[in-house]
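Subject: Structure for your files

Hello,

Here is the structure I said I would pass on. My notes on it follow below.

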Amino acid sequence: MFTIQKQPFGPYELYRLASADGQTALHLAPAAGANVLQIVLNSRPVLDGYETPEALAEAKGGKSAVLFPFPNRLDGGRYSFFGQEYLFPINNAATGNAIHGFVRKEAFAVDRVVLTNHYAAITCSYHYSGKYAHFPFPFQLDLEFSVYTRGLFRMQVQVRNLNHFDMPMGFGWHPYFRLADRTDDHMLTLPPCEQVAVDNRLLPTGVRTAYSAFAGPTPVAGTQLDNCFAYTGKEDQYPLLAEGRLGKLRMNLETAAFPFFQVFTPEERNSIALEPMSCNINAFQNGEGLVQLAPNSTWSGLIELSLG
């Protein structure tokens with residue numbers, strides 16, 4: 001039987017869901033943007049998450065951050081929607097852009113916990129009133145995190161537009177995985193895709209080129225990545241694969257929900273980030289993958305992780 005423990009984690013509350021044998025677990029801080037601190041599958045911790053309350057509060061690198069209402073960068077923080085101009089705060093000073101929306105700094109409520117012999121689930125929600133002038137569109141974001149004793153993690157996302165008008169949106173998730181001691185000791189496999197060319201401010205130039213450097217299992221050693229890719233295959237789902245001494249991690253993504261993904265190798269060279277995205281970089285301006293959600297309508301997406 002799965003159990004749940006709640007304990008203080010600095011200014012936050014840490015939820016620990018674990019199987020009776022400890023081989024499957026999920027550690028979550030709902031009040032810190034529903035941040036997943038660790039996932040344990042088949043007795044192996046797979047995330048490079050924040051290990052202290054201080055690191056979680058600093059949020060360096062955006063580890064496991066929920067990226068909404070847009071992932072990645074927005075040029076100068078500016079966008080126009082139905083003729084109205086809006087300006088997000090610049091929070092990526094190095095490039096002069098807004099980055100990753102604002103939900104990662106908001107507190108989520110815990111709505112439901114399910115504990116069984118074979119799986120555990122926790123549902124968190126964030127009800128947004130439209131309080132920020134740069135995004136005056138009320139919504140509800142529901143996230144269900146679940147872990148299964150068969151070595152599986154699922155993140156089910158649902159967004160509902162609570163506004164009387166259409167709402168622009170994009171969604172992303174920013175987990176870092178550590179399956180070996182160093183980034184260079186990982187193997188990476190990517191599906192058929194195109195690399196999105198970017199300028200010196202990491203914004204798309206409009207050029208995409210076929211990318212096959214990791215078409216089969218290939219060492220990451222010597223490769224530096226902070227790149228967005230567009231899936232070009234024909235399947236309804238596609239995998240991102242990372243492998244190290246702890247095993248082979250498979251991230252399954254729904255093509256309709258996540259036609260883009262980002263791969264990032266951090267400067268510390270101790271993990272690798274595989275980031276599903278519903279839209280391209282700067283989607284609030286270029287419209288590539290941007291969802292225009294109608295009033296009282298929902299958008300949903302499913303992210304699955306399994307470890308072999």
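**Cavities**

Strand E22 (residues 226-231) contributes 3 residues to the lining of the largest cavity, the most of any element. Strands (E, at least two residues) and helices (H or I, at least four) are DSSP runs, numbered from the N terminus. This is a predicted model, in which local features need pLDDT of at least 70 and side-chain atom pairs count only at pLDDT 80 or more, while totals for chains, interfaces and linings use all residues. Residues are numbered from 1 along each chain as its sequence is written, and side-chain values use heavy atoms, with hydrogens and water left out.

Lining residues have an atom within 4 Å of a point. Grid points are joined across faces, edges and corners, and a volume is the space filled by probe spheres set on the points.

Over the whole structure, 2 cavities of 30 Å³ or more were found. The largest cavity holds about 40 Å³. Its lining is made up of Asn-72, Arg-73, Val-198, Leu-202, Asp-226, Asn-227, Cys-228, Gln-262 and Ile-281. By class, that lining has 4 nonpolar, 3 polar and 2 charged residues. Here Ala, Val, Leu, Ile, Met, Phe, Trp, Tyr, Cys and Pro count as nonpolar, Asp, Glu, Lys and Arg as charged, and the others, Gly among them, as polar.

The second largest cavity has about 30 Å³ of space. Around it are Phe-70, Pro-71, Arg-73, Leu-74, Cys-279, Asn-280, Asn-282, Ala-283 and Phe-284. E7 and helix H2 (283-286) are the elements that give two or more residues to this lining.

The largest pocket has a volume of about 800 Å³. It is lined by 34 residues, of which Lys-60, Gly-61, Gly-62, Tyr-176 and Phe-264 are the closest to its centre. Two or more lining residues come from each of helix H1 (53-58) and strand E25 (260-264). Of the lining residues of the largest pocket, 10 are nonpolar, 13 polar and 11 charged.

For the second largest pocket the volume is about 230 Å³. Among its 18 lining residues, Leu-37, Gln-38, Leu-47, Gly-49 and Glu-51 lie closest to the centre. Strand E2 (12-18) and strand E4 (35-41) each give at least two residues to this lining. The second largest pocket is lined by 9 nonpolar, 3 polar and 6 charged residues.

**Backbone**

Most residues other than glycine have a negative phi, and most peptide bonds are trans. The bond from Phe-68 to Pro-69 is cis, with omega near 10 degrees. Pro-69 sits in the loop between strand E6 (65-67) and strand E7 (73-74).

Ala-59 has a positive phi, near 55 degrees, and belongs to the loop between H1 and E6. Ala-59 counts as partly exposed because its relative accessibility is 26%; buried means under 20% relative accessible area, exposed over 50%, and partly exposed in between (1.4 Å probe, protein chains only). Arg-269 also has a positive phi near 55 degrees. Arg-269 is in the loop between E25 and strand E26 (272-277), and is partly exposed at 22%.

**The E8-E9 hairpin**

E8 (residues 78-81) and strand E9 (residues 84-87) run antiparallel, joined by 4 bridges; strands pair if DSSP finds at least two bridges between them. The hairpin has 2 residues between the strands, and Phe-82 in the turn has a positive phi of about 50 degrees. Arg-78 is opposite Leu-87 in E9.

**Ala-180**

Where is Ala-180? Ala-180 lies in the loop between strand E17 (176-177) and strand E18 (187-189). Ala-180 is buried, at 5% relative accessibility. Not counting residues up to four places away in sequence, Ala-180 contacts (heavy atoms within 4.5 Å) Asp-185, His-186, Gly-244, Arg-245 and Asn-270.

Regards

Methods
1 Å grid on protein atoms, 1.4 Å probe; cavity = no way out; pocket = protein on both sides within 12 Å on 5 of 7 lines; lining within 4 Å.
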